[in-house]
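Subject: Structure handover and notes

Dear colleague,

I am passing on the structure we spoke about, with some notes for a first look. Please open it alongside this message.

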Amino acid sequence: MRPPSGQQPPHPAGSKASTSTRPEEARLPPEPRGRIFTGHHGVIRGSDLSRRSPQFEGRFGRMFRTLPAAQFDPDELAELGKHMVADFESSPTPEEERDDEENPGISAGFTYLGQFMDHDLTFDPTSSLERENDPDGLVDFRTPRFDLDSVYGRGPDDQPYLYRDDGLHMLLGAPLSGNPSDPNARDLPRNSPDGQEPSRALIGDPRNDENVIVAQLQTTFIRFHNSVVDYLIDRDGATTFLEAQRLVRWHYQWVILHDFLPTIIGEQMVHSLLPHLAKGTDILADPPHLRFYKPIKEGYIPIEFAAAAYRFGHSMVRPTYRINESTDRLPIFTSRNEDSLVGFGSIRKDLAIDWRLFFPMGDAPLLGKRRIQPAYKLDTALVNPLGSLPHSVAGALPHSLATRNLLRGLRMGLPSGQDVARLMGVEPIADEQLRVGKANEADFEDNPSITEFGDFAGNAPLWFYVLAEAMQQFQDNDSEIRLGPVGGRIVGEVIIGLMLADNYSFFRQSPRWRPIQEFRSPNDEFKMADLIRQTQNPVV
C-alpha cells in the first residue's frame, strides 16, 4: 500500500531517494532535437519535432492537428509532478492482506506487455549511417507496426547471431530456476565480457533487457517462435523462417486485440471500434469505426498517444513483485541492482518467472504467494521508486518520471485534456474532479484538485487528464479501473489503426484468420496465457 502523499520520510543509505524536485529540473532546456532512444526513458528520434502540416506523414505526427498547444509554467508542472509521486514505502503490504492500491480488473503482466508493445512499435533497426542521414527522423525508414522486429531484429541473414545454425530457431540463454512448472525457463542470450562489465543481451532491441520482467517476456516470444517452427515442421515436414515469423506475428496481434485492449480500455470501447467482434463477423462484413486516427498514406504514431495516453502504464507499476514462489519479492529499483528487478545484466539464476503470478492462467487464491498479482490502479499517483529513476533507466535529469512526462508534453506542444475531450464530443471533467493522488477509500475524497498546484483551471496536461479521467470510475477499493472515453479512444484507435495500416497484418492479409486450433484454450480463445502455455508445453 502506498503511504499518503505529502510527507517524505528521511531516506537512509540504501533506501529509495527522496523525490523532491530540484529547481533545475523544472527549468530544463529543451531536449536536443533528434535524440535517439538508447534504452533510457527518453525521447525517440524525431518525436520531439512539431509537425502541424496536414500533409505530414512519417514516424510521428499529430492526431488533433487543429488544437492549440497547451501552455504551462514549467515550475508548476514540476510541482504537480512532485505531488504525483507517492511517499516512500518502508515495507510492502503483506501478501496475506489486500493492498488497496491494487486494480482487481488488470493483472500485473499487462503493465509489462504494454511496455513490450511500446518497444516493438518504436524499434528502429536502421544503421547509424542512415540515422546520420536523417537525424530528426523526418523520413521514416519503417512504418510503426506490431511486427516483433524488437524480437527478430533484421532477421537471420543480417543478424545471424540471434539465430541457431538452421536459420529457423532463435537462440536462448542460460537456464533459470525457481519455477518448477517451467523447467525450460531461460535467460536471454548474452555476450561474455571481460572484466567487470555486465553481460549484455544479444537481442533485437536492447530496451527489452531493461528489467527482469520485460526481459522474460522477450524470452517468452522467442520460445513461442521456436514452438511455432517445431509445430510447422511436425505438421508439414518443413517450413521457412518467413512462414513461421508471419504466424508468430499474427498470434501476437490477436493477443493485443482480444486480450490487451479489452483489459485496458474495456470491451465496450473495443466493440465500438471493432463492431465485428460484438457481432461475431469480420472486418469485411462490419468495418472498423475509427473517428480520429486516419492516416493519409501510412500508419504513424501520434504524439498525443506516445507522449500522453499510452503512458498510462506508469501508474500501473507496483513497487515490488514476486517473480516466483521460491524467492522473496523484489523492488523494481534499489541502489543495489542485484537486489532489484533492474536489468541490463544476467538475470539471477533463481528468478525464472512464474507467469501464473502475472496473468490469469487458471484458478488462483486471492491472497498469498500463489495469487495473481494485480497491477496498481490507474490513477494520478506513481509509486515512489518512479520518482527517482536510476541512471541506467533515466539517463539525464529529471529522474522523476512524472515530471519527465509533464515537461515532455509541454515541449511537444500537446493540447490540454479538456480541448481533446471537447473535440471528441466528450464533456470535460470539472476541475474539482481532476484529483491528484490515489484511487482508494482512504484517500480519494481528500485528494486535492490539480488547481492547487498551479494555473491549471480548465487546462490540464493531457497525460494527467487521461489518468484523472480513469479515476472517475472509482467507487470503492474493489473498483475495476480502465481507461476512460478520451484515453481509451486514443489508445484503442491508434493500436487498431496501426494494424489496419500494416499491409502485412492479419487484418489486411487474411481478415478471417484465427489462431492455430491446437494453440487455443478449451473455450476456443487465444490470449496471452495461451501463448505462454504453448512455450511451456508446446503442441507439436
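The largest pocket has a volume of about 740 Å³, where a pocket is an open set of points on a 1 Å grid over the protein atoms alone, with protein on both sides within 12 Å along at least five of seven lines, and lining residues have an atom within 4 Å of a point; the volume is the space filled by probe spheres set on those points. This is a predicted model, in which local features need pLDDT of at least 70 and side-chain atom pairs count only at pLDDT 80 or more, while totals for chains, interfaces and linings use all residues. Residues are numbered from 1 along each chain as its sequence is written, and side-chain values use heavy atoms, with hydrogens and water left out.

The lining of the largest pocket consists of 33 residues, and Ser 107, Phe 359, Pro 360, Ala 364 and Ile 372 are the ones nearest its centre. Two or more lining residues come from each of strand E2 (102-107), helix H8 (241-265) and helix H18 (528-536), these being DSSP runs numbered from the N terminus (helices H or I, at least four residues; strands E, at least two). E2 contributes the most, with 6 residues. By class, the lining holds 14 nonpolar, 9 polar and 10 charged residues, with Ala, Val, Leu, Ile, Met, Phe, Trp, Tyr, Cys and Pro counted as nonpolar, Asp, Glu, Lys and Arg as charged, and the others, Gly among them, as polar.

The second largest pocket holds about 620 Å³ of space and is lined by 28 residues, with Trp 254, Leu 257, His 258, Leu 277 and Arg 514 nearest its centre. Here H8 gives the most to the lining, with 6 residues, and the lining divides into 13 nonpolar, 6 polar and 9 charged residues.

Turning to helix packing, helix H14 (residues 417-424) and helix H16 (residues 485-501) pack at an angle of about 75°, with their axes 10 Å apart, and they are therefore roughly perpendicular to each other (65 to 115 degrees). Val 420, Ala 421 and Met 424 in H14 meet Pro 485, Val 486, Arg 489 and Ile 490 in H16, contact meaning heavy atoms within 4.5 Å.

Finally, Thr 320 is found in strand E4 (residues 320-321) and counts as buried because its relative accessibility is 13% (buried means under 20% relative accessible area, with a 1.4 Å probe and protein chains only). Beyond its neighbours within four places in sequence, Thr 320 is in contact with Pro 92, Arg 329, Leu 330 and Pro 331.

With best wishes

Conventions. Axes fitted to C-alpha atoms, helices over the stretch in contact; angles between N-to-C directions. Parallel < 35°, antiparallel > 145°, perpendicular 65-115°, else oblique. 1 Å grid on protein atoms, 1.4 Å probe; cavity = no way out; pocket = protein on both sides within 12 Å on 5 of 7 lines; lining within 4 Å. Buried < 20%, exposed > 50% of the residue type's maximum accessible area, 1.4 Å probe, protein only.
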